[in-house]
Amino acid sequence: MSLRLLTSVFVLISGICFAPFSGAYLLQPRIEKTHLIYNHHLPAASTEVKSKILDQYKHWQGVKYQWGGSNMRGIDCSALMQKIFSGALAKRLPRTTAEQIKSGSAVAISSLKPGDLVFFQTKRTVRHVGVYIGKDKFIHASSSHGVTISELHNSYWITRFEAARRVVI
């Protein structure tokens with residue numbers, strides 16, 4: 001990360017937080033409560049990916065969850081990822097979460113970018129997938145809320161987090 005920062009971005013060096021103030025960098029105690037600091041100023045490519053994904057979300061928002069579904073009458077999580085990636089980025093994804101988790105390359109939760117797939121182990125034999133959109137949020141087809149946006153660090157989701165995969169470069 002460059003030292004040319006906007007005023008709302010923090011730089012961490014060995015656990016010490018430096019914050020820009022009037023063009024100078026002042027040493028400040030680290031005050032955030034989470035173990036991650038999110039870069040709210042995304043590079044142009046990430047912003048474009050996020051915008052295209054959100055355009056697709058507007059189309060699918062509120063559609064009810066249906067296991068095995070793949071249309072506006074009902075859709076499951078992996079089919080939603082197929083539809084979003086196809087419509088937003090002309091990217092083909094496999095149909096199931098078992099196949100999607102093998103796509104792209106592994107990415108650490110602390111390095112997530114808009115467009116990264118996030119996977120959760122919701123039951124011993126059940127996996128769930130969503131797409132990260134930045135600022136700790138992801139889009140998915142929820143069995144209780146339909147197609148929605150949730151917070152990654154919500155206690156339900158973060159305790160079930162399994163992996164993240166970067167399928168868009």
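Me: Two strands pair if DSSP finds at least two bridges between them. How many bridges join β8 to β9 here?

Reply: This is a predicted model, and in it 4 bridges join β8 to β9, which run antiparallel. V131 stands opposite I139 of β9.

Me: What is particular about K135 in that hairpin?

Reply: The hairpin of β8 and β9 has 2 residues between its strands, and K135 there takes a positive phi near 50°.

Me: And how does β9 pair with β10?

Reply: β9 and β10, the latter being residues 146-151, pair in the antiparallel sense over 6 bridges. A hairpin of 3 residues joins β9 to β10. Within this pairing, A141 has V147 of β10 as its bridge partner.

Me: Why is β9 described as largely enclosed?

Reply: Of the 6 residues of β9, 5 are buried, so the strand is largely enclosed by the rest of the structure.

Me: Which residues have the most contacts inside the largest nonpolar core?

Reply: They are L80, M81, F85, I139 and V147, in a core of 26 residues. At least two residues of the core come from each of α1 (44-60), α2 (77-89), β7 (117-123), β8 (126-134) and β9 (137-142). Helix α2 gives the most, with 7 residues. As a general point, nonpolar side chains in soluble globular proteins tend to be buried together.

Me: Let us stay with α2. Which of its residues are buried?

Reply: In α2 the buried residues are C77, S78, A79, L80, M81, I84, F85 and A88.

Me: What does its end-to-end distance say about the helix?

Reply: At 1.5 Å a residue, the 13 residues of α2 should span 18 Å, and its end C-alpha atoms are 18 Å apart, which agrees. The helix is followed by A90, whose phi is positive, near 50°.

Me: What is F85 in contact with?

Reply: Beyond its neighbours within four places in sequence, F85 is in contact with A90, K91, L93, G115, L117, V131, V167 and V168.

Me: And C77: buried or exposed?

Reply: C77, found in helix α2, counts as buried because its relative accessibility is 6%, under the 20% cut-off. Not counting residues up to four places away in sequence, C77 touches Y65, T97, R127, H128, V129 and A141. The C-alpha atoms of C77 and V147 are separated by 8.4 Å, although these residues are 70 apart along the chain.

Me: Changing topic, how many aromatic pairs are there?

Reply: The count comes to 5 aromatic pairs. One of them is Y156 with W157, an edge-to-face pair with 4.8 Å from centre to centre and 90° between the planes. Ring pairs link F120, F138, Y156, W157 and F161 into a cluster.

Me: What is the mean pLDDT of the protein?

Reply: The mean pLDDT is 81, and 74% of the residues reach 70 or more.

How values were computed. Residues are numbered from 1 along each chain as its sequence is written. This is a predicted model: local features need pLDDT of at least 70, side-chain atom pairs count only at pLDDT 80 or more; totals for chains, interfaces and linings use all residues. Side-chain values use heavy atoms; hydrogens and water are left out. A nonpolar core is a set of buried Ala, Val, Leu, Ile, Met, Phe, Trp, Tyr and Cys residues joined through side-chain atoms within 4.5 Å. Buried means under 20% relative accessible area, exposed over 50%, partly exposed in between (1.4 Å probe, protein chains only). Contact means heavy atoms within 4.5 Å. Rings of Phe, Tyr and Trp (its six-membered ring) pair if their centres lie within 6.5 Å; planes under 30 degrees apart count as stacked, over 60 as edge-to-face and the rest as tilted. pLDDT is the predictor's confidence in each residue, from 0 to 100. The expected span of a helix is 1.5 Å times one less than its number of residues.
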